[in-house]
Amino acid sequence: MAEASAADPASGIGRAEAATSAAWLRGVLPPDLLPFISASFIRSHLLYDEFVYRLVLHVARAAGLDEATREPGSTEEIAACAKLEAEWVLVPLDWMLRFLAARGVLEGLAGEATRRFRARGAFPVLDPAPVRDEQLRHDPSWQPS
């Protein structure tokens with residue numbers, strides 16, 4: 001899980017991983033795909049993923065999910081605890097909960113008939129702006145909208 005730092009060095013996000021992944025892909029992809037899956041493409045993907053993660057954290061805190069996930073709950077129970085209208089929120093809320101569980105912010109509780117989630121601790125506070133700015137420096141064609 002990404003943690004906030006004093007300087008939030010977004011300029012380093014994905015650099016090493018993109019280079020390593022691109023080198024590996026050169027050995028396994030057909031030659032006609034290589035121009036499309038470059039280290040720059042992979043880095044933009046990683047930056048965009050981090051940008052979305054930070055936006056989801058912001059929306060989750062604004063919706064009260066940090067409080068609503070202190071105790072284990074299903075998507076429906078968490079929506080009720082956060083006083084969200086189930087009619088409109090269950091599909092995007094379930095996606096957000098699964099996304100945050102994949103990032104280690106939430107614990108997905110196994111062995112339940114219905115998927116349940118619980119916060120592992122306080123939600124990180126991460127500003128998406130430095131990641132957006134780094135993406136614009138790296139490759140403006142991937143500008144988040």
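Mentor: Start with Glu134 and Arg43. In this predicted model, the two form a salt bridge, with their closest N and O atoms 3.0 Å apart. Glu134 lies in helix H6 (residues 129-138) and Arg43 in helix H2 (residues 39-62), so the pair ties together parts that are 91 residues apart in sequence. Both ends are out of the way: Glu134 is buried, and Arg43 is buried too.

Next, find Arg115 and Asp94. Their side chains meet in a salt bridge at 3.2 Å, N to O. This pair also links distant parts of the chain, 21 residues apart. Arg115 sits in the loop between strand E1 (106-109) and strand E2 (116-119), while Asp94 belongs to helix H5 (residues 86-102). Arg115 has a relative accessible area of 43%, so it is partly exposed. Asp94 has 16%, so it is buried; the cut-off for buried is under 20%.

Now move to the strands themselves. Glu107 and Arg118 meet through their side chains in a salt bridge of 2.8 Å, N to O. Glu107 lies in strand E1 and Arg118 in strand E2, so this bridge ties together parts 11 residues apart in sequence. Glu107 is partly exposed at 25% relative accessibility. Arg118 is partly exposed as well, at 27%.

Finally, go back to the opening pair. Glu134 and Arg43 belong to a network with Arg15 and Arg137, joined by salt bridges that share partners. The structure holds 11 salt bridges.

Definitions and conventions
Residues numbered from 1 in each chain as written. Predicted model: local features only at pLDDT ≥ 70, side-chain atom pairs only at ≥ 80, totals over all residues. Heavy atoms only, no water. Salt bridge = Lys/Arg side-chain N within 4 Å of Asp/Glu carboxyl O. Helix = DSSP H or I, 4+ residues; strand = E, 2+ residues; numbered from the N terminus. Buried < 20%, exposed > 50% of the residue type's maximum accessible area, 1.4 Å probe, protein only.
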